[in-house]
Amino acid sequence: MQYVDEFRDPELAKTLLAHIRHKVSAIAKASERPLQLMEVCGGHTHAIYKFGIDQLLPPEIEFVHGPGCPVCVLPMGRIDGCIEIAERPEVIFCTYGDAMRVPGRNGSLLDAKRRGADVRIVYSPLDTLTFAEQNPDKQVVFFGLGFETTMPSTALTLQQAKRRGLTNFSIFCQHITIIPTLRSLLEQPDVRIDGFLAPGHVSMVIGTTPYGFIAEDFHKPLVVTGFEPLDILQALAMLVDQIHDGRCEVENQYKRIVSQQGNALARKALDDVFELKESSEWRGLGSIAGSGVQLTPAYREFDAELRFNTQEHQEVADDPLARCGDVLTGRCKPNDCPLFGTRCTPQNAFGALMVSSEGACAAYYQYRRGLA
Amino acid sequence: MAFTEKDVVTMAHGSGGQAMQQLIEQLFLQAFSNPALNEREDQARIPLSLLTSVGDRLAFSTDSYVIDPIFFPGGNIGKLAVCGTVNDVAVSGAVPQYLSCGFILEEGLPLQQLEQIVKSMADTATAAGVAIVTGDTKVVQRGAADKVFINTAGIGTIPASIQWGAQHIRPGDSILVSGTLGDHGATILNLRENLGLEAALTSDCAVLTPLIAPLRDIDGVRALRDATRGGVTAILHEFAAASGCGMSINEGDLPVNSAVRGVCELLGLEPLNFANEGKLVIVVAPEAEQATLAALRAHPLGKDAEVIGTVTDTARVQLKGIFGASRLLDLPHSEPLPRIC
């Protein structure tokens, strides 16, 4: 299949793997510990496990699964807020599919649907505008979730809603931004990461420039990469080349999609609709300054939390035994958590890293559990 | 019976009165006409001699069909209700012979749609050589059901020489599929979710009796299942649980239509987990592999048949990826949900 098969060529993969092995063996001689490379994005985590890339690499490379899955870092309190709105009789609550199973204190959106709430899965937020037009006596609420990958489509939907003068449409805004979180991660004293694989789709919007501080201020190499196995292997080769050569630069493996400046049109829509808010809570990581967005004054009339005057939900403390945050910062592997595979499974997820198929724990459980 | 666009199912059609009699006489009895049904008793009376002349055991199966949408490229709920149960009977090695059907109709269902569904059932049953010999109709108020639900039960006779079953599976056996995977599931998902990917997506809904018939003559056929809900993954897990063996399949050998692959790539879903309505998963002894493959490929329904893996002695279901690394093939714990990015 065009644009897929050419990025899954086993022969090319072998060549890249041989290159990585060669460079890593030279690095290993000078180092007593394995390299820890963070794939920031859950999409990368999923691809690494699905294609068995981690098994193909030399043991001197360890992956650290970063905070770049918006479903994984979704705090329970925010799901509680969604459910509070979704259970109002006049509301049609619309969400992307993989937010349906994230547990709040009173269950998930799937549970709310079972209890009778009108919760619908959508593939495009623009579909929610059709629901609003077709149901003038209802309030249609869209759960705006995700990084800069999904933010532009929410922004365009809001611009359309304003243009059409819709008064029965609003969004529950849980959009977050990755750059402040990476900075916060690097500022923690005991987090040891030797290099980063940066998310291709976020970078498609923001460009490569915003990652500059990682190389300049923290002296870590970074490669922006796509999601096919050869993308990831080539990016790893570029990363180990940098480490081998003692370079710390922002490089772009995903040039077919990502430019240095990003997508100006998308950024313009984001600037029109969203502004940074003071701080945002991340599940497993706590509050991070400037890492979330809220609607600009021009669009605040579409803020579901203001419209429905939702309660201020307190932060929900995770079980002290759960090590979601440690997995997200590379301090431990998913199966080092005492809840992994026992109290926390995809069927009965305690931590959101197990809920989303992009989560490190879910991927580890699905693809590695029991494999020799 | 000529229905107009305005004719719909009403509560009267389920009342036992004139409207119901009229519907049964003019639609169901005409479409499904056969000697057992035409006797109009409360039960079908089937001569045992007809059954015992074919084999020594009955295969008896039932399933209910609740699909949305009820019409789709490649079929409709009626065709599905016949194919599904006939296939469930046939994979035991039986010759399917009789079906029952029960309808639960939602008040307001256009009668032209019901007529189309019933005709499709009749045509499919005739083509499969089975008779629909007894049935039932109920009508529920609007909102109490989704347009139409159909239950079918089927009976067939298993020839004495056939002993297919998952408990016969042994390490070293070959695993085959009869064609491309996930066509039905991807077609329904595309329609239900309005994904707009019409091109080349057609359900594989089909009666598999003619594809299965030549397999009865091959020594070494261990077990057959049709890979419906849960797809090939679910069948492999069922085989593994029943036999105590492991299943190892090769990603590179899986036949998948490119439109289905496209849907899966877009939504982060797995074609192995998608429903099929006309595909077999077959386990055979290694020496029967080529004969089975040739028999399948000789029929249009099996032209894309492939050997996809082998049975192992390690009790787990795994997929060997295109780069040589293996991963577990987990049984999905619920309906797959698309990823957001």
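Which residue of chain B forms a salt bridge with A:Asp5? The partner is B:Arg261, and the closest N and O atoms of the pair are 2.7 Å apart. A salt bridge here is a side-chain nitrogen of Lys or Arg within 4 Å of a carboxyl oxygen of Asp or Glu.

The model is predicted, with pLDDT of at least 70 needed for local features and 80 or more for side-chain atom pairs, while totals for chains, interfaces and linings use all residues. Residues are numbered from 1 along each chain as its sequence is written, chains are lettered from A and ligands numbered from 1 in the order in which they are written, and side-chain values use heavy atoms, with hydrogens and water left out.

The interface of chain B and chain A was examined next. On the chain B side, 26 residues are in contact with 41 residues of chain A. Contact means heavy atoms within 4.5 Å. The two chains bury about 3100 Å² between them, and carbon and sulfur atoms carry 61% of this area. Buried area is the accessible area (1.4 Å probe) that two parts lose on being put together, summed over both. The rule finds 2 salt bridges across this interface. It also finds 5 residue pairs in polar contact, both residues at pLDDT 80 or more. A polar contact is a pair of N or O atoms within 3.5 Å; within protein, one must be able to donate a hydrogen and the other to accept it, and residues adjacent in sequence count only if both atoms are side-chain atoms.

Two elements of chain B, α9 (258–267) and β13 (326–328), each give two or more residues to the side that touches chain A. Helices (H or I, at least four residues) and strands (E, at least two) are DSSP runs, numbered from the N terminus. The most comes from α9(B), with 5 residues. By class, this side of chain B has 11 nonpolar, 6 polar and 9 charged residues. Ala, Val, Leu, Ile, Met, Phe, Trp, Tyr, Cys and Pro count as nonpolar, Asp, Glu, Lys and Arg as charged, and the others, Gly among them, as polar.

Helix α9 of chain B also holds B:Ala259. B:Ala259 counts as buried because its relative accessibility is 18%. Buried means under 20% relative accessible area, exposed over 50%, and partly exposed in between (1.4 Å probe, protein chains only). B:Leu197 is 62 residues away from B:Ala259 in sequence, yet their C-alpha atoms are 8.2 Å apart.

Within chain B, the domain assignment gives domain 1 (11–158) and domain 2 (166–328). Such bounds come from an automatic or database domain assignment. The C-alpha centres of the two domains lie 27 Å apart. Contacts join 22 residues of domain 1 to 20 residues of domain 2. The area buried between these domains is about 1600 Å², with 66% given by carbon and sulfur atoms. In domain 1, B:Pro73, B:Asn87 and B:Val91 lose the most area to domain 2, together 33% of what that side buries. Between the domains there are 0 salt bridges, but 6 residue pairs are in polar contact. The side of domain 1 that touches domain 2 draws two or more residues from each of β2 (71–72), α4 (77–90), β4 (95–106) and α5 (111–128) of chain B. Here α4(B) gives the most, with 8 residues.

In chain A, A:Asn168 lies in the loop between α7 (151–163) and β6 (169–175). A:Asn168 is buried, at 7% relative accessible area. Its side chain reaches the backbone oxygen of A:Asn135 at 3.1 Å.
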